[in-house]
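Have the sequence and the structure open as you read.

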Amino acid sequence: MIVCHCGVVSSRDIAEALGAGAASVSEVCRRTGAAQNCGTCVFSVRQVVCQHEATQPIADEEPLSAAS
Ligand code: FES
């Protein structure tokens with residue numbers, strides 16, 4: 001799905017930027033070229049970033065220990 005029509009940036013491009021280490025919406029925009037022209041896509045970019053983060057496991061989560 002195209003998220004930024006000006007830059008022709010897709011949700012896959014955004015996921016790839018996140019997978020390559022982009023850690024913020026602004027960094028995703030810089031790496032992909034999204035939201036660099038009219039800016040109307042920035043909320044859609046943010047939504048894709050949030051959806052991607054929601055599907056990622058929590059890295060610092062401690063495994064549950066069995067009660068003894
Ligand atoms: S639609 Fe993304 S900058 Fe215009």
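## Overall layout

Three helices and two strands make up this protein, and the model you are looking at is a predicted one. Going along the sequence, the order is β-β-α-α-α.

Of the 68 residues, 24% count as buried. As for contacts with a separation of 6 or more, 46% of them are between residues 24 or more positions apart.

## The core

The largest nonpolar core has 14 residues. Which of them touch the most other members? Those are Val 3, Cys 4, Ile 14, Val 28, Ala 34 and Val 45. The elements giving two or more residues to this core are β1 (2-4), α1 (11-19), α2 (25-32) and α3 (42-54).

Leaving aside residues up to four places away in sequence, Ala 34 touches Val 3, Cys 4, Gly 7, Val 9, Val 28, Cys 29, Cys 41 and Val 45.

## One side of α2

Now turn to α2, whose buried residues are Val 28, Cys 29 and Thr 32. They sit on the same side of α2, because the arc they cover around the axis is only 100 degrees. The background is simple helix geometry: an α-helix has 3.6 residues a turn, so residues three or four places apart point the same way.

What do the buried residues of α2 pack against? Their partners are β2, α1 and α3.

## Positive phi values

Just after α2 comes Gly 33, with a positive phi of about 90 degrees. Ala 35, in the loop between α2 and α3, also has a positive phi, about 60 degrees, although it is not a glycine.

Val 8 is another non-glycine residue with a positive phi, this time near 50 degrees. Look for Val 8 in the loop between β1 and β2 (9-10).

Are Ala 35 and Val 8 buried or exposed? Ala 35 counts as buried because 24 other C-beta atoms lie within 10 Å, where 20 or more is the cut-off. Val 8 has 12 other C-beta atoms within 10 Å, so Val 8 is exposed; the limit for that label is 12 or fewer.

Conventions:
Residues are numbered from 1 along each chain as its sequence is written. This is a predicted model: local features need pLDDT of at least 70, side-chain atom pairs count only at pLDDT 80 or more; totals for chains, interfaces and linings use all residues. A nonpolar core is a set of buried Ala, Val, Leu, Ile, Met, Phe, Trp, Tyr and Cys residues joined through C-beta atoms within 7 Å. Helices (H or I, at least four residues) and strands (E, at least two) are DSSP runs, numbered from the N terminus. Two residues are in contact if their C-beta atoms, placed from the backbone, lie within 7 Å. The arc is that of the directions from the helix axis to the C-beta atoms.
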